[in-house]
Amino acid sequence: MASVPKTMGGILIEQTGGSEVLQWKDDIAVPELKEGQLLVKNEWVGVNYIDTYFRSGLYKAPLPFVTGGEAGGVVAAVHDSVSGLKVGDKVGYLSQTRGAYAQYTAVAEEKVIILPEGVTTKTAAASLLQGLTALTLIKEAHYVKPTDWVFVTAAAGGVGTILCEMISSIGAKIIGTAGTPEKMEQAKKNGANYVISSRESPEKIIEEVKRITGGHGADAVFDGIGKATFDMDLEIAARKATVCTYGNASGAVPPVDVMRLAGSKNLKLMRPTLFAYLSDAEDFRKYSSELVDMLKRGIVKLENTSDYKLEDAKAAHDDLESRKTTGKLLLQVPQ
Ligand code: NDP
C-alpha cells in the first residue's frame, strides 16, 4: 500500500449555510491518529440527511470541519493501541465526529466493521448508517410485532426504504407516505402495503390511516420529517402506540407538552438517536452483524442508489433537500 500523504482532497465546510458551502479543497491536512483510532482511505461515502443539519448549522460542529458520518474503504494506518485491525483490511465505519467527505478519515476502532466476503465498500457506505437506524428503530424504539400496523414517512427515502424492507420481513402491515406517484410506486416495491401521498393535507392522511386500519390507527409511527408532521403523528397513533419522531427533514419538533400524551390513548413518545443506541461497543457489534446478515439474506436490498462524485457533494445535498431522491445517495471518492 502507498504511504499516507500529508494532505488530501475533500469537502471542507468553512462556514455553515446552504449547499454552496460544500467546497472541494485539495490541501486538507490528513488527520493524525489518536489512541484507539485507525485511518481509512475512503472509497465510497454515504450521504445522510444529518449531513445537511451540520452543514446548515442546525447541529453544531467547530469550524472548519469535514462533514459525513459513514464510509467504506481500506485501512491505511492504525494507531499502536489498535489490535483488531490492520493496514489493508476492507472496512465500513460510522463516525460520530464526522470527517467522511474526504479521501482519508480517522475513525474509532469500535465503530468499524471488517467487511466479510461479498460485502463491498460501496455496500457498506450504502447501508451502515441508515440500516442500523432502521434496525434500532424496530428493535429498540418500538419492537415491531407481526400484528402491528406501522406508519412510515418518506417510505421511498433512505431510512424509509430499509424500514419498509425490514418491517415487511417481520410480517407487520405498513402504511407509508411518499411525495410523487413514482416515489409511491417505489414505496410499494420496498414493502409498504398501502401508500398515501405526503403532499396530501395532514387531515386527509389521518382520515386515510383510520380508514385503512378500520379505525384502529398505527401501533408504531416512525417519522423522520419532524416539525411538519408531528401533530399528525399523535392523531394517527393507535391507543398504547409508540410515536417515534427520529429526524428533522422539515425542521426540529418544538418543545412538547407531555399532557398531550395523556387522554384516551396513553401514547409513548420517542426521540431516539442512532449513536446513543450504539454507544456500547457490544450493541454496535450485535446490530452490525445482524445488518450484515440481512444484507446476505436479501432482506435489505440496496437496489435503489444514486452515485455522485465526492467533488459534487453540493448536487447530492441539493437533490436530497429538494425531495427528489429515492433510496441511498453515495459519493465516490477519487483514489
Ligand atoms: P430521505 O431519503 O428520507 O429524504 C428525506 C425525505 O423526507 C424526502 O425525500 C421527502 O420524501 C421527505 N420530506 C417530507 N417533507 C419534507 C420536507 N419539508 N423537507 C425535506 N424532506 C421532506 O433522508 P434520510 O433517509 O437520509 O433521512 C431520513 C430522516 O431520518 C431524516 O430526518 C434524518 O435526519 C433521520 N435520521 C435520523 C437518525 C437518528 O439517529 N435519529 C439517523 C439517520 C437518519 P417525500 O417527498 O417522498 O415525502
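In this predicted model, 53% of the 335 residues of the chain count as buried, where buried means that a residue has under 20% relative accessible area. The secondary structure of the chain comes to nine helices and 15 strands. The radius of gyration of the chain is 20 Å, close to the 20 Å that the globule rule gives for 335 residues, and the chain is therefore as compact as a globular protein of that length. Along the principal axes, the C-alpha atoms fill a box of roughly 65 × 40 × 35 Å.

From the chain as a whole we can turn to the ligand, which has 27 residues around it, and of these Tyr53, Gly179, Ser198, Gly224 and Leu274 come nearest. Sorted by class, this shell has twelve nonpolar, twelve polar and three charged residues. At least three residues of the shell come from domain 1 (7-129 + 276-332), and at least three from domain 2 (142-271). Helix H1 (49-56), helix H2 (121-141) and helix H3 (158-170) each supply at least two residues, and H2 gives the most, with three residues.

Arg323, in turn, has an N or O atom in its side chain that is 2.9 Å from an oxygen atom of the ligand. On its own the ligand has 920 Å² of accessible area, and the protein covers 90% of that area.

How values were computed. Residues are numbered from 1 along each chain as its sequence is written. This is a predicted model: local features need pLDDT of at least 70, side-chain atom pairs count only at pLDDT 80 or more; totals for chains, interfaces and linings use all residues. Side-chain values use heavy atoms; hydrogens and water are left out. A residue is near a molecule or strand if one of its heavy atoms lies within 4 Å of it. A polar contact is a pair of N or O atoms within 3.5 Å; within protein, one must be able to donate a hydrogen and the other to accept it, and residues adjacent in sequence count only if both atoms are side-chain atoms. Accessible areas come from the Shrake-Rupley method with a 1.4 Å probe; for residues, only the protein chains shown count as cover. Helices (H or I, at least four residues) and strands (E, at least two) are DSSP runs, numbered from the N terminus. Ala, Val, Leu, Ile, Met, Phe, Trp, Tyr, Cys and Pro count as nonpolar, Asp, Glu, Lys and Arg as charged, and the others, Gly among them, as polar. Domain bounds come from an automatic or database domain assignment. The radius of gyration is taken over C-alpha atoms; the globule rule is 2.2 Å times the number of residues to the power 0.38. Buried means under 20% relative accessible area, exposed over 50%, partly exposed in between (1.4 Å probe, protein chains only).
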